[in-house]
Amino acid sequence: MQELGNGVSQMEAHDPAENSLFENMVRVEHDLSDVINALALLGVKRCSQCKQFFRTADPGALFENGHTVCYKCVPEWWSSMSTRLGITERERIEAKLASWLRKHHRAEVVKKTPGKDPDTANTEFQMVAKCVECAGSGKLMEGERCRFCNGFGTVRIVVPK
Ligand SMILES: [Zn+2]
Ligand SMILES: [Zn+2]
């Protein structure tokens, strides 16, 4: 009984200000998660990299593929992500990313030219992607060299500055 008595008196001695601070924090956390849920309902999502919020109504703002990444974070995210993925998964996301960049960020398909280094001076972002015309084989159906990628099987997707 004495132990219990001590426990109770210790609880009572606990600083009441500290208790109400804790209660406030719990309430704020609860409110915040309510707000994030409400934002999702309104079509606002958060970039998984920079944690900023973007409107999903703007299709060029966020690239969604299982990960949600804003346009600004895409270059860094893709350079680390592409090295970590298996080839099938990488090609799948790479194709999606390439078409998203072409659709929403004026990206152009640039074929490699033998003996010529790519000009990157006016490039905001670029990535290498499988040529969709020859499915990466470098050859067209008749066996001739694919003219869309000069037979390399890959092209550069370039977002101009
Ligand atoms: Zn971001
Ligand atoms: Zn090709």
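Trainee: What spacing do the donors of the zinc ion (ligand 2) follow along the chain?

Mentor: They follow C-x2-C-x11-C-x2-C. Before we go on, please keep in mind that this is a predicted model, in which local features need pLDDT of at least 70 and side-chain atom pairs count only at pLDDT 80 or more, while totals for chains, interfaces and linings use all residues. Residues are numbered from 1 along each chain as its sequence is written, chains are lettered from A and ligands numbered from 1 in the order in which they are written, and side-chain values use heavy atoms, with hydrogens and water left out.

Trainee: How do you know which atoms coordinate the zinc ion (ligand 2)?

Mentor: A donor is an N, O or S atom within 2.8 Å of the metal (3.2 Å for Na, K and Ca), and since water is not among the atoms, sites may look incomplete. The SG atoms of C131, C134, C146 and C149 lie at 2.2 to 2.3 Å from the zinc ion (ligand 2), so they qualify as donors.

Trainee: And where in the chain do C134 and C149 sit?

Mentor: C134 and C149 are both in the loop between β6 (123–130) and β7 (154–160), 15 residues apart. The strands here are DSSP runs of E with at least two residues, and helices are runs of H or I with at least four, numbered from the N terminus.

Trainee: What makes the arrangement around the zinc ion (ligand 1) tetrahedral?

Mentor: The four donor atoms there subtend angles of 101 to 115°, so the arrangement is tetrahedral by that rule. The donors of the zinc ion (ligand 1) are the SG atoms of C47, C50, C70 and C73, at 2.3 Å. In sequence these donor residues are spaced C-x2-C-x19-C-x2-C.

Trainee: Why is C47 called buried, and why is C50 called partly exposed?

Mentor: Buried means under 20% relative accessible area, exposed means over 50%, and partly exposed is in between (1.4 Å probe, protein chains only). C47 has 1%, so it is buried. C50 has 27%, so it is partly exposed.

Trainee: How do you know that C146 and C149 are buried?

Mentor: The relative accessible area of C146 is 0%, and C149 is at 0% too.

Trainee: What makes K45 and E64 a salt bridge?

Mentor: The rule asks for a side-chain nitrogen of Lys or Arg within 4 Å of a carboxyl oxygen of Asp or Glu. The closest N and O atoms of K45 and E64 are 3.1 Å apart, so the pair counts. This pair links distant parts of the chain, with K45 in strand β1 (residues 44–46) and E64 in strand β3 (residues 62–64), 19 residues apart. K45 is partly exposed at 35%, and E64 is partly exposed at 37%.

Trainee: How many salt bridges does the rule give?

Mentor: Four. Among them is R90 with E94, at 3.0 Å from N to O. These two are four residues apart in helix α4, so about one helical turn separates them. R90 is partly exposed at 24%, whereas E94 is buried at 5%. The side chains of K130 and E91 also meet, at 3.1 Å from N to O. K130 lies in strand β6 and E91 in helix α4, so this bridge ties together parts 39 residues apart in sequence.

Trainee: Why does R106 count as exposed, and why does N150 count as buried?

Mentor: R106 has 57% relative accessibility, so it is exposed. N150 has 16%, so it is buried. R106 is in the loop between α4 (87–104) and β5 (108–111), with a positive phi near 55° in a residue other than glycine. N150 sits in the loop between β6 and β7, and has a positive phi of about 55° although it is not a glycine.

Terms used:
Four donors count as tetrahedral if all angles lie between 85 and 135 degrees; four count as square planar and six as octahedral if opposite donors are over 155 degrees apart and all others between 65 and 115; anything else is irregular.
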